[in-house]
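Q: Let us read a structure feature by feature. Where do we start?

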Amino acid sequence: MSEKQGANGPMEEYVTVLIAGQLFGLPINRVQDVFMLKDMTEVPLSIPEIAGVLNLRGRIVTAIDMRQRLDLPPRDSNEMAMAVGIEVARESFGLVIDRIGDVLYLPINEFEPSPVNLDPRWKRVADGIFRLEKELLVILDVDKVLDLGERDVAA
Amino acid sequence: MDDLLQEFLTETVESLDVVDVELVKFEQEPNNAAILGNIFRLVHTIKGTCGFLGLPRLGALAHAAETLMGKYRDGAPVTSDGVSLILQTIDRLKEILEQLEEMQAEPEGVDDDLISLLDQMSLGKMEAEAAAKAASEAEAASAETADARTAGVAADGMLTPTDEPVQSADRNLKPGEVSLEDLERAFNEAPGPDLSVPAPQPAVPEAPEAKAAPAPAPKPAPASAPKPKAAAKKDERRSGDERRKAGGSGGGKAKGGGSVKSQSIRVSVETLEQLMTMVSELVLTRNQLLEMVRKHDDSEFKGPLQRLSNVTAELQEGVMQTRMQPIGNAWQKLPRIVRDLSHELDKKIDLEMIGAETELDRQVLEVIKDPLTHMVRNSADHGLEDTADRVMLGKPEAGRITLSAYHEGGQIIIKIVDDGRGLNAEKIKAKVLSNGLATEDELERMSEAQLHRFIFHAGFSTASEVTAVSGRGVGMDVVRTNIELIGGTVDLKSVAGKGSTFIIKIPLTLAIVSALIVEVSGQRFAIPQLSVVELVRAHGEAGHRIEMINDTPVLRLRNKLLPLIYLNAMLNLPSGEGGGPGERTAGKAGDGREFVVVTQVGSQTFGVVVDSVFHTEEIVVKPMSSMLRGISMFSGNTILGDGSVIMIIDPNGIAQNVANDAGVQSVSEEHREEEHAASAQELTTMLVFSAGSEEPKAVPLSLVTRLEEIDPAKIEHSNGRDLVQYRGKLMPLVYMEGYDRSQLKTTGGQPMLVFTDADRSMGLVVDKIIDIIEDRLIIEITSDRPGVFGAAVIRERATEIIDIAHYLPQAFGDWLERKDRAPQEKKSRDLNLLLVDDSPFFRNMLAPLLMSAGYKVTLAASAEEALDMKDRGEAFDIIVSDIEMPGMSGIDFAEKLRFDPDWGETPIIALSSHAEQSLIERSRQAGFYEYIGKFDREGLVETLREVRVEMEEAV
């Protein structure tokens with residue numbers, strides 16, 4: 001659906017998001033919606049990547065702190081954060097980001113694998129890279145982002 | 001037509017399931033006309049509908065089965081073979097239905113094998129019957145057959161005048177059997193108001209059956225008339241049960257004259273799910289509106305909004321209800337399965353099902369259906385011994401499998417209990433070793449329970465032979481996986497030779513739970529109301545005060561010490577005062593702003609300290625995200641009326657942590673419960689400490705007056721003993737046997753247990769106070785060592801139970817021979833005292849005390865034993881009896897003695913660890929002289945003296 005035929009061969013559509021100044025891309029077909037992070041409840045004893053849970057139109061969404069996930073410095077708590085809604089295995093998740101960017105159509109043949117020297121924490125969740133004119137766009141693998149492992153949280 | 005077929009399929013499959021169950025029941029009580037009537041009717045309906053839909057193969061089978069059942073109904077003896085044959089037919093019907101569903105048409109094939117068997121069986125019966133009956137009765141017999149079948153067949157006849165004869169024409173009529181034409185004639189000719197007006201709707205085949213009962217009365221078979229009538233009546237009652245079982249999906253099915261189809265429709269689960277989401281949305285919107293209107297006092301919206309609010313609430317409830325189904329639906333097939341197994345394995349098996357009406361979410365039901373079936377099969381196959389073995393072991397011939405379901409603490413607990421051989425630990429060990437799952441060394445250290453849990457590992461089966469039924473080793477791990485998939489747990493306990501119990505706990509996903517909303521550190525949480533016993537406000541001064549025992553907070557609640565847990569500490573939240581969780585203790589204790597939620601999980605009771613308590617709210621439990629499931633403190637989350645998400649506290653998780661916190665391994669409370677239930681019933685609160693050596697030691701907490709920490713510098717040495725100044729007096733210190741004085745701490749506080757009797761105190765020096773544990777106290781190994789009663793298992797650790805009485809004389813040589821007791825010793829004769837107590841600990845503790853107070857003590861471990869003594873002619877001056885005892889209770893014992901010619905005059909004193917007023921009242925009424933707390937030694941001695949004085953005065 002998101003694939004379109006462009007001048008440079010097949011195109012893929014990505015939602016871009018800004019996290020700590022870095023531009024990331026998510027395949028648009030994986031994104032359900034984008035929402036403001038309001039009235040979030042923190043979950044005691046949860047792993048640090050879990051920002052909390054919130055009610056999004058009657059569904060309980062688990063918010064993942066992307067900065068924490070990518071090992072980035074914590075957000076200035078005064079800013080109202082946004083989240084990208086994603087559904088995996090009938091569960092709703094929200095990836096907490098700083099800002100939502102444009103939707104980009106990018107030719108698939110320009111997609112390239114992540115550089116070998118990328119921070120392992122990023123490498124684990126990154127699918128590859130697009131070299132945009134001004135900056136680099138890191139494409140995230142949603143499933144890997146959400147694979148926080150069956151870590152036994154000490155309770 | 002497709003819809004009609006679909007409808008027919010689902011309904012018929014359901015009916016067949018019911019027939020399955022009913023047939024098994026019928027086999028057990030062949031004389032129950034109601035059951036047979038029910039089966040007959042169901043099969044008959046299937047047959048009728050088959051004819052209507054043009055499904056000759058199904059119709060012919062159903063017809064043959066019906067014929068045989070018709071014979072049973074007419075009184076032919078019911079045989080196991082016959083029932084098996086019918087069950088086989090039902091299976092064939094199901095097979096055909098399956099194919100029918102796939103192909104939308106009846107599959108090709110012949111069922112002559114079954115039909116001829118069925119016919120032979122019917123024929124055989126008929127011949128026997130025919131021989132028994134005189135020829136002159138033939139007419140009556142045919143009339144009887146007619147009236148039994150009149151209604152249904154006649155209705156059929158009207159429905160399917162073309163289809164029905166096709167079936168009958170397939171074969172010749174058997175003797176005694178009547179042709180359809182005859183039946184129709186009989187039906188039409190039979191007088192009766194109902195019959196003159198043929199049922200107009202073709203969809204009510206059973207309607208006339210019930211009503212037709214009186215019709216044949218005038219016929220020359222008077223005896224047969226009341227029978228169907230009674231059956232019809234019972235049928236009606238049964239239909240009620242059935243409806244409940246079917247959880248609404250059955251609607252008015254099988255009701256005396258009701259229509260089969262009109263009462264229910266089938267809706268896909270997705271639709272319901274969607275509806276549920278919409279309703280939640282609606283609730284939230286309503287709440288927002290309410291909030292807005294609340295700000296304007298005289299809003300014209302108020303009235304309509306109130307109505308909207310009510311309707312929404314009802315709607316919400318209604319939609320929730322649609323998802324709930326009784327668990328009995330998942331059990332429906334089990335009686336049949338067990339019956340078949342019982343034949344296959346040649347074991348006698350009784351299956352008992354308790355709590356079939358327990359409701360749970362439909363989806364959950366689907367998931368646990370197969371695991372349950374598997375586990376019941378397992379129990380029947382592996383769990384239960386062969387009949388011969390059972391008899392040899394002195395067990396009842398028939399093995400028993402009990403399946404029960406109930407709600408507990410926001411969970412559904414399903415138990416599968418068998419009274420078979422239990423798990424074989426040795427076999428498991430061998431298997432674990434051969435599979436390389438653990439080393440011998442590891443196995444050695446494992447508790448039996450841990451060992452048992454290996455059966456949940458993949459590819460694990462201890463059955464030496466793989467039977468057709470189970471033992472393929474793919475079972476239990478699949479069961480576990482399935483159950484864990486829906487956030488449930490499965491555990492087992494097993495006692496060799498006694499049987500095994502499997503416990504499945506499933507969270508009530510999407511179920512409504514009443515919960516208490518509490519706040520701690522600014523966050524709200526829900527605690528399921530089910531586990532909340534009461535709410536206590538901890539006051540600063542009087543009443544309920546939070547006290548510390550070596551940094552362990554406790555609350556004195558009536559006569560008990562309640563261990564406390566600070567919720568903020570448990571959840572790692574900052575305490576309200578801004579300090580870390582470490583500061584929760586002394587600083588906060590007793591500032592009067594805390595609420596204690598007294599919570600009970602199984603037999604464990606504890607207090608959860610929270611900052612504030614709001615209200616109770618009906619919440620919808622939503623399953624937690626898979627990422628949060630590892631947190632045992634929470635069982636789920638929910639959306640509150642104001643739209644915010646809060647976590648639901650899992651009391652079981654807390655209970656486990658209570659134990660973990662104390663550094664003791666938590667064990668399934670129930671496990672011990674059952675192991676020890678036979679030997680003791682009451683819980684004793686024990687203070688566990690260490691002194692001298694690493695092994696934990698314990699004393700009953702109620703004997704301890706205080707726990708103190710004394711500055712070692714203040715310990716003085718005088719006249720060969722250590723003393724401290726304590727509350728303005730000198731208190732002697734005593735050391736445990738084997739305790740080296742050099743072990744005394746030089747800095748910090750030296751902990752000690754203070755025992756006070758009247759105005760004297762003694763300090764027992766210990767190294768460390770470990771914990772306060774409420775547990776059943778069973779002294780398993782008695783000891784000859786002075787100062788030790790013996791060893792008991794407390795929280796899975798062997799613990800020495802200390803005999804305080806041994807140390808008291810060390811502090812004061814005359815402790816047990818004090819002045820106030822002196823007069824008693826001057827009595828010329830010792831009074832004979834009978835002490836009845838089931839707990840060896842109390843017998844051991846009280847006996848020396850009573851002896852030292854000048855009584856000749858005889859011990860009895862039960863009321864029964866005491867009564868035996870009575871029968872042997874023994875006599876006592878005073879009886880002291882425990883109230884709570886297995887078997888005959890103290891109250892019953894007292895009542896029995898009250899008017900006894902021999903012992904009726906003997907004063908009897910009650911001992912109990914409970915001090916409820918009602919119990920005190922009851923014991924007085926039962927004839928007890930006085931009611932005394934178990935550890936109130938002084939009270940006991942005092943009371944005994946009173947009795948003594950009274951007795952003397954009487955003399």
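This is a predicted model: local features need pLDDT of at least 70, side-chain atom pairs count only at pLDDT 80 or more; totals for chains, interfaces and linings use all residues.

Q: Where does A:Asp39 lie in chain A?
A: A:Asp39 sits in the loop between strand S4 (31-36) and strand S5 (50-56).

Q: How do I read a phi value, and what is phi of A:Asp39?
A: Most residues other than glycine have a negative phi. A:Asp39 is not a glycine, yet its phi is positive, near 50°.

Q: What about phi of A:Leu45?
A: A:Leu45 also is no glycine and has a positive phi, about 70°. The loop between S4 and S5 of chain A holds A:Leu45.

Q: Is A:Leu45 buried or exposed?
A: Buried, at 14% relative accessibility. The cut-off for buried is under 20%.

Q: Now chain B. How many helices and strands are there in chain B?
A: Chain B has 31 helices and 35 strands. Of its 955 residues, 52% are buried.

Q: Which residues form a negative surface patch?
A: Four glutamates do: B:Glu95, B:Glu98, B:Glu101 and B:Glu102. One of them, B:Glu101, belongs to helix H4 (residues 80-103) of chain B. B:Glu101 is partly exposed, with a relative accessible area of 41%.

Q: Which residues make a nonpolar surface patch?
A: B:Leu289, B:Met292 and B:Leu308 make one of about 250 Å². B:Met292 lies in helix H12 (residues 269-295) of chain B.

Q: How much of the accessible surface of chain B belongs to carbon and sulfur atoms?
A: The share is 51% of about 43900 Å².

Methods
Residues are numbered from 1 along each chain as its sequence is written. Chains are lettered from A and ligands numbered from 1 in the order in which they are written. Side-chain values use heavy atoms; hydrogens and water are left out. Helices (H or I, at least four residues) and strands (E, at least two) are DSSP runs, numbered from the N terminus. Buried means under 20% relative accessible area, exposed over 50%, partly exposed in between (1.4 Å probe, protein chains only). Accessible areas come from the Shrake-Rupley method with a 1.4 Å probe; for residues, only the protein chains shown count as cover. Patches are made of residues with over 30% relative accessible area and no salt bridge: like charges are joined within 9 Å, nonpolar side chains (Val, Leu, Ile, Met, Phe, Trp, Tyr) within 5 Å. A salt bridge is a side-chain nitrogen of Lys or Arg within 4 Å of a carboxyl oxygen of Asp or Glu. Lys and Arg count as positive and Asp and Glu as negative; His and the chain ends are not counted. The place of a charge is taken as NZ of Lys, CZ of Arg, CG of Asp or CD of Glu.
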